[in-house]
Amino acid sequence: MLITGAAGGQGASHARGFASEGAKVVLADVREESGRALADDLGEQALFITLDVSVASDWDAAVKQAESRFGPISILVNNAGVLAPSASIADSDPADWDHVIAVNLKGPYLGVRAAAPSLKRAGGGAIINIASTSGHVGTPMIAPYVSSKWGCED
Ligand SMILES: NC(=O)c1ccc[n+]([C@@H]2O[C@H](COP(=O)([O-])OP(=O)(O)OC[C@H]3O[C@@H](n4cnc5c(N)ncnc54)[C@H](O)[C@@H]3O)[C@@H](O)[C@H]2O)c1
């Protein structure tokens, strides 16, 4: 299985949980030091890969590396996510919009695109997108986050 944003927070917790159930876990993140430390801690059943989820070529390389170590991927967890600084749309910076959408919405799209053939080779599996209640009910002052989470739910 492959979990994005696995170097800390909920992604690290997912990785520990799945590993404790015996899963072979690929931890993917832009934060190399903490990601590698967690993989070392989990031992032989874990592998850390540097992956920026918003970059298509990173995904292709990550899937290849994951498969060569553990075989086809049967579970993909699109967990990596970022928040923009709190601001009204009128006061917001378009660069923040682009960054949040690139990580939170384009990231899961690229992940499914890159990993789907591997899941097929595994004979099927599961894709889990970590969304947010913000995607259901909205949250003021974080429009790009709300939009990204609504976008990856259905
Ligand atoms: N914590 C909450 O209360 C909460 C609530 C609802 C949804 N979520 C969602 O759960 C997920 C995890 O949240 P968290 O609180 O653990 O966040 P976090 O900030 O603790 O961890 C996010 C991880 O994603 C990584 N990341 C950021 N940009 C990346 C990129 N471009 N490529 C790869 N990795 C990248 C970070 O390095 C970090 O390790 C997010 O998608 C978040 O939106 C969290």
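The axes of helix 4 (residues 94–121) and helix 6 (residues 143–151) come within 9 Å and cross at roughly 25°; such axes are lines fitted to C-alpha atoms, over the stretch in contact, with angles running from 0 to 180 degrees between N-to-C directions. The two helices are therefore roughly parallel to each other, a label for angles under 35 degrees. Helices here are DSSP runs (H or I) of at least four residues and strands are E runs of at least two, both numbered from the N terminus. The model is a predicted one, in which local features need pLDDT of at least 70 and side-chain atom pairs pLDDT 80 or more, while totals for chains, interfaces and linings use all residues. Residues are numbered from 1 along each chain as its sequence is written.

Turning to the sheet, five strands form an open arrangement in the order 3-2-1-4-5, with parallel pairing (two strands pair if DSSP finds at least two bridges between them). Strand 3 (46–50) and strand 5 stand at the edges with a single partner strand each, so one side of each lacks a neighbour in the sheet. From one strand to the next, the twist averages 15°. Strand 2 (residues 25–29) pairs with strand 3 over five bridges, and Leu27 has Phe48 as its bridge partner. Strand 4 (residues 75–78) and strand 5 (residues 126–129) are joined by four bridges, with Val77 partnered by Ile128.

As for the ligand, 21 residues surround it, the closest being Gly5, Gly9, Gln10, Ala80 and Gly81; a residue is near if its C-beta atom, placed from the backbone, lies within 6 Å. Helix 1 (residues 9–20) supplies the largest share of this shell, three residues.

How values were computed:
Right-handed = clockwise from strand over helix to strand, strands pointing away. Parallel < 35°, antiparallel > 145°, perpendicular 65-115°, else oblique.
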